[in-house]
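Good morning, and thank you for the time.

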Amino acid sequence: MYRNFFAVFIGILVSITEIIYSIKLIKNWFINIQFIPLKNIQHVFIHAPSSFFITLFFFYAFSALLGGITTAFFVQNAKKAYAGLTGIILFIIAFIHIFLYTLPLWFEIVILPIFFHFSYLGGAFIELLQRKKWIN
């Protein structure tokens, strides 16, 4: 039981860390928001162009996939279920994030469904690899 709890916690931690570093990385790609400090993230989101959010969407999807893979790798049984739980918790965190910061409406609508689905896909990927005996 503690192993499963630890696995979900590590998966969420990996996802959130990847999201924070991806925001830092993407912010440096755009000149008009490059010099805004990350502690003023609200100003970054207000002044960012649409291409910033499109790129951020792909990093959010990758972070959910990576969190699902990490969770499923450490869980003993029910890999897809715990990876889905990781996605649900990431969904709740993203929902709170939407209320705290001003984001474009299209981005708010698009990012919510990606967390559960990509985390579940990460769990299914690890389950497939273990079924084929490629990893233990």
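Setting aside neighbours within four places in sequence, Trp29 is in contact with Thr55 and Phe59; contact here means heavy atoms within 4.5 Å. Trp29 itself sits in the loop between H1 and H2. Its C-alpha atom is separated by 19 Å from that of Leu103, and the two residues are 74 residues apart along the chain.

A word on conventions. This is a predicted model, in which local features need pLDDT of at least 70 and side-chain atom pairs count only at pLDDT 80 or more, while totals for chains, interfaces and linings use all residues. Residues are numbered from 1 along each chain as its sequence is written, and side-chain values use heavy atoms, with hydrogens and water left out.

The protein has six helices and zero strands; these are DSSP runs, H or I of at least four residues for helices and E of at least two for strands, numbered from the N terminus. The C-alpha atoms fill a box of roughly 50 × 25 × 25 Å along the principal axes. Of the 136 residues, 41% count as buried, where buried means under 20% relative accessible area, exposed over 50%, and partly exposed in between, with a 1.4 Å probe and protein chains only. Among contacts between residues at least 6 apart in sequence, 72% join residues at least 24 apart.

The largest nonpolar core has 28 residues, and Phe45, Phe52, Leu56, Tyr60, Phe107 and Phe115 touch the most other members. Such a core is a set of buried Ala, Val, Leu, Ile, Met, Phe, Trp, Tyr and Cys residues joined through side-chain atoms within 4.5 Å. Helices H1 (2-27), H2 (41-47), H3 (50-74), H4, H5 (105-111) and H6 each give two or more residues to this core, and H3 gives the most, with seven. Phe52, neighbours within four places again aside, is in contact with Ile26, Lys27, Phe30, Ile33, Val44 and Phe45.

Which residues form a nonpolar patch on the surface? They are Ile88, Phe91, Ile92, Phe95, Ile96, Phe99, Leu100, Phe116 and Tyr120, with about 870 Å² of accessible area together. H4 and helix H6 (114-131) each give two or more residues to the patch, and H4 gives the most, with seven. Patch residues have over 30% relative accessible area and no salt bridge; like charges are joined within 9 Å, and nonpolar side chains (Val, Leu, Ile, Met, Phe, Trp, Tyr) within 5 Å. Ile88, in helix H4, counts as partly exposed because its relative accessibility is 41%.

Finally, the charges. The structure holds one salt bridge, that is, a side-chain nitrogen of Lys or Arg within 4 Å of a carboxyl oxygen of Asp or Glu. Glu127 forms it with Lys80, the closest N and O atoms being 3.4 Å apart. Glu127 lies in helix H6 and Lys80 in helix H4, so the pair ties together parts that are 47 residues apart in sequence. Glu127 is partly exposed at 25% relative accessibility, as is Lys80 at 27%.

Lys79, in helix H4 (residues 79-100), is buried yet has no salt bridge, and the nearest side chain of opposite charge, Glu127, is 7.1 Å away. For charge, Lys and Arg count as positive and Asp and Glu as negative; His and the chain ends are not counted.

How values were computed:
Areas by Shrake-Rupley, 256 points an atom, 1.4 Å probe, with all protein chains shown as cover.
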